[in-house]
Amino acid sequence: MTTLRFVDSQTRDEAAQAVLRIDKFAEKYRHYFPRVFAYVYGRVHNVHLTEDLVADVFERAFLKSESLRNDEAFSTWLFTIARNVIISHSRKRYRETAVDPDVLREIAPSGASVEGDILLREELSTVTRLLRHFPQREQDIISLKFDAELTNGQIADIMGLNEPNVRVILFRTLRKLREQMVAERRA
């Protein structure tokens with residue numbers, strides 16, 4: 001005797017909603033992945049660790065995406081999660097200081113000369129080394145601005161500051177970095 005199984009409409013609706021939720025999140029993943037990757041890499045300077053942390057960021061975001069009330073705030077919310085993942089990781093482990101040469105090669109223009117490539121590496125290494133001595137808040141703002149390419153308003157939301165304050169901190173930090181680089185070149 002054959003039994004017929006009936007799938008009620010509620011089960012079909014739930015399955016359809018789950019598929020829509022996954023598709024919607026996949027779209028956001030494709031859009032934000034490069035910026036989140038750049039931001040995390042800018043903080044940890046290790047490709048393999050960055051891949052692990054970015055996976056953790058998107059997993060947390062997916063699992064908690066139902067709690068986000070305003071879809072327009074997704075970017076700020078996502079980078080807040082990324083920042084928290086990085087902070088959590090650095091509490092657990094020491095901070096890696098080596099800059100991955102493979103990533104530096106990808107950053108360098110393809111037509112760059114060997115001398116230009118070496119100078120670019122030295123410059124990036126100097127910037128990275130100098131920034132490590134800055135206060136954590138300044139490091140976070142620089143990384144959110146240049147690695148994650150966020151606006152000052154988005155950075156303000158993530159950092160719990162107002163936008164003019166972010167602008168001033170960014171200006172002063174960049175000025176301090178330039179001064180230290182000039183002093184380093186003279187030494």
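This is a predicted model: local features need pLDDT of at least 70, side-chain atom pairs count only at pLDDT 80 or more; totals for chains, interfaces and linings use all residues.
Author: Residues are numbered from 1 along each chain as its sequence is written, and side-chain values use heavy atoms, with hydrogens and water left out.

Reader: Why is the pair of F25 and F62 called edge-to-face?

Author: Rings of Phe, Tyr and Trp (its six-membered ring) pair if their centres lie within 6.5 Å; planes under 30 degrees apart count as stacked, over 60 as edge-to-face and the rest as tilted. The ring centres of F25 and F62 are 5.2 Å apart and the planes stand at 70°, so the pair is edge-to-face. F25 belongs to helix α1 (residues 9-44) and F62 to helix α2 (residues 47-64), so the pair ties together parts 37 residues apart in sequence. Helices here are DSSP runs (H or I, at least four residues), as are strands (E, at least two), numbered from the N terminus.

Reader: What makes the pair of F74 and W77 tilted?

Author: Their centres lie 5.7 Å apart and their planes at 50°, so the pair is tilted. F74 and W77 are three residues apart in helix α3 (residues 74-92), about one helical turn.

Reader: What makes K28 count as sitting over the ring of F74?

Author: The rule asks for NZ of Lys or CZ of Arg within 6 Å of the ring centre and within 35 degrees of the ring normal. The charged end of K28 sits over the F74 ring, 4.4 Å from its centre. K176 likewise lies over the face of F134, at 4.6 Å from the ring centre.

Reader: Why is the pairing of R21 with E66 called a salt bridge?

Author: A salt bridge needs a side-chain nitrogen of Lys or Arg within 4 Å of a carboxyl oxygen of Asp or Glu. The closest N and O atoms of R21 and E66 are 2.7 Å apart, and the two form a salt bridge. This pair links R21 in helix α1 with E66 in the loop between α2 and α3, 45 residues apart. R21 is partly exposed at 26%, whereas E66 is exposed at 60%. By this rule the count is eight salt bridges.

Reader: What are the values for D140 and R43?

Author: D140 and R43 meet in a salt bridge at 3.4 Å, N to O. D140 in helix α6 and R43 in helix α1 are 97 residues apart. D140 is buried at 2%, and R43 is buried at 5%. R43, R83 and D140 are linked in a network of salt bridges.

Reader: Which residues does E138 contact, beyond its neighbours within four places in sequence?

Author: With contact meaning heavy atoms within 4.5 Å, E138 touches I169, T173 and K176, leaving aside those neighbours. E138 also forms a salt bridge with K176, the closest N and O atoms being 3.0 Å apart.

Key. Buried means under 20% relative accessible area, exposed over 50%, partly exposed in between (1.4 Å probe, protein chains only).
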